[in-house]
Amino acid sequence: MDRELHAGLDELQRDPYPLYTRARQTEGLTHLVELDAWLVARDADVREVLRRPEDFSSAVALRPDVLPAPAALAVLGGGFGGRPVVVTADGAEHQRLRAPIVRGLSPARVAAVVPYAAERAAALVDAFAGDGHVELMSAYAKRLPGEVIGRIVGLDPADVPGVVHGGHRAEELLFRPLAEEDQIAAAEDVVAMQRTLDRYVQERYDEPREDLCSELIASVVEGPLTLEHRHQLVAHLQNLLLAGHLTTAALIGTTVLHLLRHPRQWELLCAEPERIPAAIEEAARYDTALQGFRRITTRPVVLAGTELPAGAALFVAFGAANRDERRHARADTFDITRTSSRHLAFGFGVHSCPGSQLAREQLRLTLEELTRRLPGLRLAEDRPVVMRPTMIHRSPYALRLTW
């Protein structure tokens, strides 16, 4: 991808909403050169794609925006994974891969981890509550979700920071243009994470525990643990951990950002904390953390009046659908008092996010802590917020707050 195209992609990703508006108002679908894909931007069209997985395959759901250099790919070749995962699978294979994750993130499993999540949320806020200022992404948003999903998977807390770091580096490597030496360094961090996960696979195979890692192994392995099993399981765990911490970290960041950009709504939330669940839904709708996924047509189809051949690439934009006026009145207005209507922040249909309840619980705990203990929170006036340029996990680079 040349420098001009990179610049266009950066501009699009830092604020995609004006483009989304134009695409929804334009007849048919809009083709984006920056993403090399047709943009699906209307709520009804996004739902149609998600209802028809047999026509719109998920095989390319995580296709990188940037292809790493050969030297970085060579480093990745020394790691584990690279096998189909739940978000890139279709049909029976998707159901097989999804089943143990759905069980592992069941309402009972989520309820069981909430006391731990509450304890960690309080401890993280304790660490900065007396300082009068904080950079929330590094001090809190990037930490709580990793610790919670790590607990469910069965990771030792000492291993969580390295796994979280490796997840962020994987996202950078595949969705940000980096110099070759930076790509190599990122690939080395990803491989280090994969080796940590492979160690857990081998340990839990030998001595299973009551954790999601052990359940995944039992769902995949019959008989001896082979090298191919290890590749498959590391791929599953990497995907689960990245989804479990990157998406929730992004959602914490954007939720706090928009509440503080609307001080009267923040004050209302502090005065009436029973509004927290509605505030979470509105924040997820208004600035969707996971902006969308790619799909590819399996046969010639017509969508929104646009004829698409087999093999056509689509970017199915949940973030655009969530600003569709046909579904959400005053869609471009952030309003925690609105009557909630079904948004697409956590997907829809067979690929809906199995971790949505876990994410909501962590948002609830976060807002309960912050509204109760730091009602005077405000954005640092001298540090403008810059959004990370990626369509996968939209969040602030940094969120500097004062009180």
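Where does Ala310 lie? Ala310 is found in the loop between β7 (306-308) and β8 (313-317), strands being DSSP runs of E with at least two residues, numbered from the N terminus. The model is predicted, so local features need pLDDT of at least 70 and side-chain atom pairs count only at pLDDT 80 or more, while totals for chains, interfaces and linings use all residues. Residues are numbered from 1 along each chain as its sequence is written, and side-chain values use heavy atoms, with hydrogens and water left out.

**View 1. The surroundings of Ala310.** Ala310 counts as partly exposed because its relative accessibility is 44%, where buried means under 20% relative accessible area, exposed over 50% and partly exposed in between (1.4 Å probe, protein chains only). Leaving aside residues up to four places away in sequence, Ala310 touches Thr297, Thr298, Arg299 and Pro300, contact meaning heavy atoms within 4.5 Å.

**View 2. Strand β5 and its partners.** In β5 (residues 292-297), five of the six residues are buried, so this strand is largely enclosed by the rest of the structure. β5 runs antiparallel to β8, joined by five bridges, and Arg294 has Phe315 in β8 as its bridge partner; two strands pair if DSSP finds at least two bridges between them. Strand β3 (residues 56-57) is also antiparallel to β5, through two bridges, with Ser57 partnered by Ile296.

**View 3. An open sheet of three strands.** The strand order is β4-β10-β9, with antiparallel pairing. β4 (133-135) and β9 (378-379) stand at the edges, each with a single partner strand, so one side of each has no neighbour in the sheet. Two bridges pair β9 with β10 (residues 400-402), and Leu379 stands opposite Leu401 in β10.

Methods:
Helix = DSSP H or I, 4+ residues; strand = E, 2+ residues; numbered from the N terminus.
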